[in-house]
Amino acid sequence: KAVPALRRVAVLGATGSIGASALDVIARHPQRFQPTVLAAGSQVDALLALCRVHQPLHAVIADASLYTRLRDGLRDAGLATTAHAGDIALDALAAGEACDTVVAAIVGAAGLSSTLAAASAGKRILLANKESLVLAGELLTRTATLAGAEIIPIDSEHSAIFQCLRSRDASREGAGVRRILLTASGGPFRGRSRAELEQVTPAQAVAHPKWSMGPKISVDSATLMNKGLEVIEAHHLFGLPPAHIEVLVHPQSLVHSLVEFMDGSTLAQMGLPDMRTTLAVGLGWPERIESGVEGLDLLRQGRLDFEAPDTDAFPCLALAWQAMRAGGTAPAILNAANEEAVSAFLQGKIGFLAIPALVDNALSTLPSGPADTLDGLLAADKHARQLTRTAIETA
Ligand code: NAD
Ligand code: MG
């Protein structure tokens with residue numbers, strides 16, 4: 001049996017929820033994968049702990065003020081890992097010789113720069129950072145295509161569609177895709193009315209019924225903005241127009257999404273809600289590898305339910321559709337306003353219903369411009385953040 005080539009993997013966002021799942025799968029296959037670069041934002045102690053276990057060649061902390069703590073911690077632990085700090089070092093490592101595969105698992109627009117760097121360098125990118133596609137979908141996919149980079153979706157819905165299509169090109173001749181159906185758990189507040197959402201707390205919002213995830217995406221799941229971001233993500237990943245994308249609420253979170261073909265056939269991908277499956281798909285692709293996730297016992301699960309999303313109680317989903325249809329910088333504005341609003345909600349500065357109100361405010365105040373340059377997109381992101389922060393402070 002041929003031994004597969006050793007893949008050298010950079011895990012960006014190593015200290016997060018996706019980072020932990022990626023490192024879990026990687027550690028099951030020491031002959032196949034070597035974690036060569038580990039990166040985090042500011043959690044230097046957690047990064048040091050991961051370095052002791054995984055012994056990467058390089059460790060990067062984005063917050064440059066933490067450089068000496070990282071360097072000294074690595075030295076004190078007797079590790080040969082080289083310390084780096086700052087965004088420029090992060091981008092250089094994502095694009096550099098130390099890795100051929102990049103797990104893009106930084107949360108938010110902060111992940112765009114390193115993802116673009118990996119794309120320009122022609123890496124295999126396991127893309128969890130959906131915000132980079134929402135902010136700069138055309139630029140990122142174009143950059144990847146030109147450089148021969150492979151983008152493999154990690155978001156469970158998009159991995160499901162990728163597995164059903166065995167490709168990202170849903171619009172190619174003969175693919176026969178009529179529509180894709182993204183499933184949504186509905187989040188912790190499914191079934192509540194708008195009025196019942198007025199007083200919900202950050203602790204309630206992050207308690208997701210089916211998935212264990214970082215705080216930002218957990219709030220996005222509670223507002224349904226997560227599904228809105230995913231509709232835009234699917235549009236870019238699979239090259240499909242908005243009219244061919246639909247959302248279906250499925251509270252059990254066992255069917256991860258579906259593809260309907262022109263002959264009437266519908267394929268679905270199913271499995272327990274555990275991100276190690278999609279990370280194993282991306283790491284091993286096109287081969288299947290062990291992930292540590294058990295198979296699905298449908299007799300024990302019993303039933304699968306489906307319902308339409310409630311866009312009155314959860315206006316974020318409709319706002320995302322609106323931004324996608326407007327195009328240009330509108331999705332970047334949506335994403336930036338949402339990041340600022342979610343951060344303020346998590347800090348207890350605003351209520352839950354202020355999140356869609358602030359996003360709506362940014363979309364209706366700021367004009368959508370052309371999205372063809374990175375500078376233009378970053379300027380739109382910055383303006384939307386300033387506008388939203390001012391609105392939060394003066395509320
Ligand atoms: P998390 O909050 O658990 O982890 C975020 C990681 O990003 C941490 O390692 C943190 O140190 C790092 N980080 C934050 N700011 C940074 C910066 N400025 N520079 C460098 N690193 C920075 O988040 P998560 O749940 O793991 O989600 C990560 C991404 O994956 C998000 O885009 C999310 O939408 C996506 N995603 C997550 C899940 C999930 O199950 N958790 C599922 C689908 C998609
Ligand atoms: Mg998802």
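This note walks through a few places in the structure, one point at a time.

1. The model is predicted, so local features need pLDDT of at least 70 and side-chain atom pairs count only at pLDDT 80 or more, while totals for chains, interfaces and linings use all residues. Residues are numbered from 1 along each chain as its sequence is written, chains are lettered from A and ligands numbered from 1 in the order in which they are written, and side-chain values use heavy atoms, with hydrogens and water left out.

2. Let us start with ligand 1. There are 24 residues around ligand 1, and Thr15, Gly41, Gln43, Glu131 and Gly214 come nearest (a residue is near a molecule or strand if one of its heavy atoms lies within 4 Å of it). This shell divides into 13 nonpolar, 8 polar and 3 charged residues; here Ala, Val, Leu, Ile, Met, Phe, Trp, Tyr, Cys and Pro count as nonpolar, Asp, Glu, Lys and Arg as charged, and the others, Gly among them, as polar. Helices α1 (17–27), α6 and α9 (215–223) each supply at least two residues of the shell. Helices (H or I, at least four residues) and strands (E, at least two) are DSSP runs, numbered from the N terminus.

3. Now look at the oxygen atoms of ligand 1. A polar side-chain atom of threonine 15 lies 2.7 Å from one oxygen atom of the ligand. A backbone N or O atom of glycine 16 lies 3.1 Å from an oxygen atom of ligand 1, and for a polar backbone atom of glycine 13 the distance is 3.3 Å. Of the 830 Å² of accessible area that ligand 1 has on its own, the protein covers 87% (areas come from the Shrake-Rupley method with a 1.4 Å probe; for residues, only the protein chains shown count as cover).

4. Which residues hold the magnesium ion (ligand 2)? The ion is coordinated by Asp155 (OD), Glu157 (OE) and Glu230 (OE), at 2.1 to 2.2 Å. Donors are N, O and S atoms within 2.8 Å of the metal (3.2 Å for Na, K and Ca); water is not among the atoms, so sites may look incomplete. Aspartate 155 is buried at 7% relative accessibility, and glutamate 157 is buried at 7% too. Buried means under 20% relative accessible area, exposed over 50%, and partly exposed in between (1.4 Å probe, protein chains only).

5. Helix α5 (residues 112–120) is worth a visit. Because 7 of its 9 residues are buried, α5 is largely enclosed by the rest of the structure. The cover over these buried residues includes β1 (7–12), α4 (87–95), β6 (124–127) and α6. Within α6 (residues 130–147) sits threonine 143, buried at 18%. Leaving aside neighbours within four places in sequence, threonine 143 is in contact with Leu116, Ala119 and Ser120 (contact means heavy atoms within 4.5 Å).

6. Finally, some backbone details. Most residues other than glycine have a negative phi, and most peptide bonds are trans. Glutamine 55, not a glycine, has a positive phi of about 45 degrees; glutamine 55 is exposed, at 53%. Leucine 224 has a positive phi of about 70 degrees, but is buried at 4%. The peptide bond from tryptophan 285 to proline 286 is cis, with omega near 5 degrees.

Technical notes:
A polar contact is a pair of N or O atoms within 3.5 Å; within protein, one must be able to donate a hydrogen and the other to accept it, and residues adjacent in sequence count only if both atoms are side-chain atoms.
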